[in-house]
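Hi everyone, thanks for making time for this.

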Amino acid sequence: MAVLSRYNYVFVLTAIFALLDAWNIGANDVANSFASSVSSRSLTLKQAMVIASFCEFAGSVSVGGRVSDALRTKIVDPHLFDDSPQVLLLAMMCTVMASSIFLTIATRYGMPVSTTHSVIGGMIGTATASVGINKVNWGWQGASQVFLAWVIAPGIAGVLGAMVFFITKRLILMNRNSVRRAFWSIPFFTFLTFGAVSMLLAWKGVRNLNITTATTLIVIFVAAGGGTLLHGVFVMPYLWVRIIRQDWTLRWYHALLGPFLLKRDAPPPTPTSFVKPQIKDYYRGHLTPDELTYVRASETLLRSVQMHGANGPPNSDMDDEFVLLPPAAQELPEESGSRPQSSAHDSLVPPRPQGSWRSFPVLIWRINRILLRGIEKDVISMQKRNAVLSWDLEVMHSRAPRFDNRAEYMFSSLQILTAAAASFTHGANDVSNAVAPFTTALDVWSHGVVSDKVDVPIWVLCLGGVAIVLGLLTYGYHVMRTLGNRLTLISPTRGFCMELATALTVIMATRLRLPVSTTQCITGATVGVGLANGDWRCINPKLVGWIYMGWMITVPVTGLMSGCLMGLIVNAPRWSL
């Protein structure tokens with residue numbers, strides 16, 4: 001039985017809002033890891049959700065405890081509440097309550113705020129209302145270190161993303177043999193990605209096990225080498241046969257054959273009947289500058305003809321003139337950002353079965369619409385509408401250079417790998433935002449004292465991981481539609497560079513025990529890659545400013561909410577009875 005059983009209702013509320021906080025972390029930060037993969041068409045939304053579910057949960061459970069302890073102790077010293085541990089329990093309730101409510105509102109309106117900001121702002125607010133603002137640790141080992149990390153992390157991620165993309169663009173994508181160069185670069189990037197994740201696991205993934213530096217290096221290189229070997233055995237032969245040999249009969253499950261694919265007979269001639277394209281057009285719907293000028297001139301002429309049609313032709317010289325759209329523009333009504341879209345493109349919902357609402361097929365259809373609502377969205381079409389800020393997305397996309405779709409396809413497999421790595425590191429870093437206050441509340445409620453060190457129970461990490469996954473599946477599309485192609489044009493190569501830079505930045509921060517914001521890291525990496533295109537107009541500065549504004553208001557808003565709630569309850573007449 002808990003020592004502070006008198007405050008069971010406070011602990012129950014803390015648990016409920018901690019789960020809501022974790023749910024919002026999944027719903028808001030899902031874009032950090034997989035928005036670029038979905039936006040570049042490397043993954044469908046459903047595929048991204050499946051991969052993210054495993055990676056987020058694994059990262060939360062295996063390596064989420066270390067950052068949780070840092071977040072719990074760095075901002076406010078728990079021992080300030082030694083004489084009144086019940087007040088610390090209340091402070092944790094107010095913290096997660098303010099954080100979860102703010103995140104719910106921000107997620108609903110698609111604002112990609114920092115979940116790390118929200119929980120730290122909540123802690124500062126409750127500390128101010130209970131022990132005084134002067135008791136908040138503003139020094140280098142406290143809030144200042146976290147604030148500085150918020151400034152440094154986007155810069156580091158932006159520089160890394162720009163460097164990786166610039167080198168990749170110069171050495172691979174702009175080369176005449178870009179497809180073959182992309183193929184032979186896969187082992188290097190695969191080793192780098194597996195090495196980064198292995199480094200994180202070796203540093204802090206194994207609980208209660210101290211290993212030497214030499215052993216750590218051996219683990220990193222063996223794991224990275226093994227992952228690269230598996231990738232080379234199963235993925236590279238598949239890519240070689242599909243891209244270099246142009247085998248149109250190949251299917252995804254043939255990758256399981258590994259090297260035996262290289263002995264596969266040459267494919268028969270492509271039939272004249274319709275065959276599903278083997279390589280996606282990753283730039284479909286994004287026009288070049290010449291195509292965009294041609295399309296808009298044609299639309300202007302068409303509107304002019306329609307406007308003067310009622311009064312007769314304004315100029316007889318134009319009677320017989322008809323402007324044809326280029327082939328790339330024929331898909332424009334479905335993909336364009338400035339043109340209205342039908343609601344059919346917003347979702348991938350199957351049609352309602354025939355029958356009454358009581359029939360079994362219709363009931364199953366309705367249940368699936370509730371359970372699968374979050375993954376039946378056409379995110380790419382939703383990104384094309386300027387629902388947040390007015391910005392000419394078509395012009396922004398047209399200024400970004402295009403590369404060979406076959407080379408882009410080579411990097412799509414790497415992007416899936418880096419997205420999984422970024423999702424894993426996100427779960428490792430951001431689960432602390434929910435479980436750190438809850439772990440403190442659990443320890444105080446159970447023992448009635450403020451402990452020097454609190455171990456995060458594995459079941460708490462599991463609950464946090466499950467809540468993150470549920471938030472990701474049900475509500476993650478709201479923030480995902482805000483990022484992606486609204487910020488800059490994203491292709492598999494660009495998305496790979498963004499995600500790799502984000503994963504490396506978060507791994508470095510986690511090693512230093514800095515609870516950085518993955519939202520800031522991916523935004524910084526996206527801006528860096530966009531600028532590496534060679535033109536600042538390749539990014540959306542209005543959206544960047546809007547995101548930064550969201551970051552700036554998070555701490556004061558959550559601090560004000562939690563501080564007011566804490567002050568009202570602590571000073572209530574019956575609290576001390």
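Phenylalanine 102 has its place in helix H4, where helices (H or I, at least four residues) and strands (E, at least two) are DSSP runs, numbered from the N terminus. What I'm showing is a predicted model, in which local features need pLDDT of at least 70 and side-chain atom pairs count only at pLDDT 80 or more, while totals for chains, interfaces and linings use all residues. Residues are numbered from 1 along each chain as its sequence is written, and side-chain values use heavy atoms, with hydrogens and water left out.

Is phenylalanine 102 buried or exposed? Its relative accessible area is 9%, so phenylalanine 102 is buried. For these words, buried means under 20% relative accessible area, exposed means over 50%, and partly exposed is in between, with a 1.4 Å probe and protein chains only.

Which residues does phenylalanine 102 contact, once we leave aside its neighbours within four places in sequence? They are Val113, Ser118, Thr554, Val557, Thr558 and Met561, and contact here means heavy atoms within 4.5 Å. Take methionine 561: 459 residues separate it from phenylalanine 102 along the chain, yet their C-alpha atoms are separated by 8.8 Å.

Now look at isoleucine 101, also in helix H4. With 35% relative accessibility, isoleucine 101 counts as partly exposed. Not counting residues up to four places away in sequence, isoleucine 101 touches Phe17 and Met561. Aspartate 21 is 80 residues from isoleucine 101 in sequence, and the two are 8.0 Å apart in space, C-alpha to C-alpha.

Let's take helix H4 as a whole. Of its 24 residues, 19 are buried, so the helix is mostly covered. At 1.5 Å a residue, H4 should span 34 Å, and its end C-alpha atoms are 35 Å apart, which agrees; the expected span is 1.5 Å times one less than the number of residues. After H4 comes glycine 110, with a positive phi near 70°.

Next, a pair of helices. The axes of helix H5 (residues 115-130) and helix H20 (residues 541-570) come within 7 Å and cross at roughly 40°. Axes are lines fitted to C-alpha atoms, for helices over the stretch in contact, and angles run from 0 to 180 degrees between N-to-C directions. The crossing of H5 and H20 is right-handed; that word applies if the near helix is turned clockwise from the far one by less than a right angle, and left-handed if anticlockwise. Who meets whom? On the H5 side we find, among others, Ser118, Gly121, Gly122 and Gly125, and on the H20 side the residues include Thr554, Val555, Thr558 and Gly559. By class, this contact has four nonpolar, 13 polar and no charged residues. Ala, Val, Leu, Ile, Met, Phe, Trp, Tyr, Cys and Pro count as nonpolar, Asp, Glu, Lys and Arg as charged, and the others, Gly among them, as polar.

On to valine 241, which sits in helix H8 (residues 213-244). Valine 241 counts as buried, at 1% relative accessibility. Leaving aside neighbours within four places in sequence, valine 241 is in contact with residues including Gln246, Leu250 and Leu261. Leucine 261 is 20 residues from valine 241 along the chain, and their C-alpha atoms are separated by 7.2 Å.

Glutamine 246 deserves a stop of its own: although not a glycine, it has a positive phi of about 55°. Glutamine 246 lies in the loop between H8 and helix H9 (289-309), and at 52% relative accessibility it counts as exposed. Arginine 41, in the loop between helix H1 (8-39) and helix H2 (45-63), is another residue other than glycine with a positive phi, near 70°. Arginine 41 is buried, with a relative accessible area of 9%.

Let's step back to the whole chain. It has 20 helices and zero strands, and buried residues make up 54% of its 577 residues.

How confident is the predictor? The chain averages a pLDDT of 80, with 83% of the residues scoring at least 70; pLDDT is the predictor's confidence in each residue, from 0 to 100. Confidence is highest in helix H4 (residues 85-108), at 92, and lowest in helix H10 (residues 332-335), at a mean of 40. Over residues 314-346 the pLDDT is below 50, and this stretch has 55 contacts in the model beyond near neighbours in sequence.
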